Amino acid sequence: MDYLQKAFDFIRESEDSDFEGEKSEELVRKAETFLGLQFPLEYRKFLLEFGCGDINGFEIFGLINDKFETNSVPDAIAVTAKERKLSALEDSLIIIGDSPEYYYALDLGRKDNENVPIIEILPTKKARNCQIVSNSFGEFLCMKFDLL
């Protein structure tokens with residue numbers, strides 16, 4: 001099943017979605033350079049098409065513009081960079097959302113081919129000690145949108 005396509009269709013069709021909109025390849029590359037890593041393919045597709053936003057009250061962090069040092073939620077690059085400084089967040093993580101108790105992060109340290117798991121993390125904990133909540137970004141979106 002193509003979880004990413006299912007999630008993207010849901011975002012496009014939902015009246016409750018509020019997303020920033022398309023972002024350029026140049027901006028995505030700038031963000032990767034700023035964080036010193038390469039985004040997983042599914043997350044890259046999300047950034048290029050939707051940027052960042054929320055649906056049904058769940059906010060998905062992504063890209064707003066190239067003001068990474070001054071932006072805040074829902075800019076994933078700004079939030080990730082801030083947590084790297086404040087709590088020594090591991091460089092292999094990209095924060096893509098939050099809950100009242102923890103962050104959701106892409107864990108590039110556990111990459112399996114094209115699949116990058118999403119973990120629940122408190123920034124002060126090591127990623128290897130954190131629970132995997134989904135095996136890919138697309139599956140994570142479907143889970144949060146109650147599409148599974």
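**Entry 1**

I began with alanine 88, which is exposed at a relative accessible area of 57%, where exposed means over 50% relative accessible area, buried means under 20% and partly exposed lies in between, using a 1.4 Å probe and protein chains only. I noted that this is a predicted model, in which local features need pLDDT of at least 70 and side-chain atom pairs count only at pLDDT 80 or more, while totals for chains, interfaces and linings use all residues. Residues are numbered from 1 along each chain as its sequence is written, and side-chain values use heavy atoms, with hydrogens and water left out.

I found alanine 88 in the loop between α4 and β4 (93-98), where helices (H or I, at least four residues) and strands (E, at least two) are DSSP runs numbered from the N terminus. Its phi is positive, about 60°, although alanine 88 is not a glycine. I reminded myself that most residues other than glycine have a negative phi, and that most peptide bonds are trans.

**Entry 2: other backbone angles**

I then looked up asparagine 56, which also is not a glycine and has a positive phi of about 50°. Asparagine 56 lies in the loop between β2 (53-55) and β3, and with 49% relative accessibility it counts as partly exposed. Serine 14 touches Ile55 and Asn56, leaving out residues up to four places away in sequence, where contact means heavy atoms within 4.5 Å. Serine 14 itself sits in the loop between α1 (3-13) and β1 (17-19), and at 16% relative accessibility it counts as buried.

Which peptide bond did I record as cis? The bond from valine 73 to proline 74 is cis, with omega near 15°, and I placed proline 74 in the loop between β3 (58-60) and α4.

**Entry 3: helix α2**

Next I followed α2, in which Leu27, Val28, Ala31, Glu32 and Leu35 are buried. Seen down the axis of α2, these buried residues fall within an arc of 140°, so they line one face of the helix; the arc is that of the directions from the helix axis to the C-beta atoms. An α-helix has 3.6 residues a turn, so residues three or four places apart point the same way. On the face of α2 turned away from its buried side I found the exposed residues Glu26 and Thr33. The cover over the buried residues of α2 includes α3 (41-50) and α4. After α2 comes glycine 36, whose phi is positive, near 75°.

**Entry 4: α2 against α4**

How do the axes of α2 and α4 cross? The axes of α2 (residues 25-35) and α4 (residues 76-87) come within 10 Å and cross at roughly 5°, where axes are lines fitted to C-alpha atoms, for helices over the stretch in contact, and angles run from 0 to 180 degrees between N-to-C directions. That makes α2 roughly parallel to α4, a term for angles under 35 degrees. I listed Ala31, Phe34 and Leu35 of α2 and Ile77, Thr80, Ala81 and Arg84 of α4 as making the contact.

**Entry 5: cysteines**

Finally I searched the whole structure for disulfides, meaning pairs of cysteine sulfur atoms within 2.5 Å, and found zero. Cysteine 142 is in no disulfide, and the nearest cysteine sulfur, that of cysteine 52, is 19 Å away. I noted cysteine 142 as buried at a relative accessible area of 0%, and cysteine 130 counts as buried at 9% relative accessibility.

Key:
Parallel < 35°, antiparallel > 145°, perpendicular 65-115°, else oblique.
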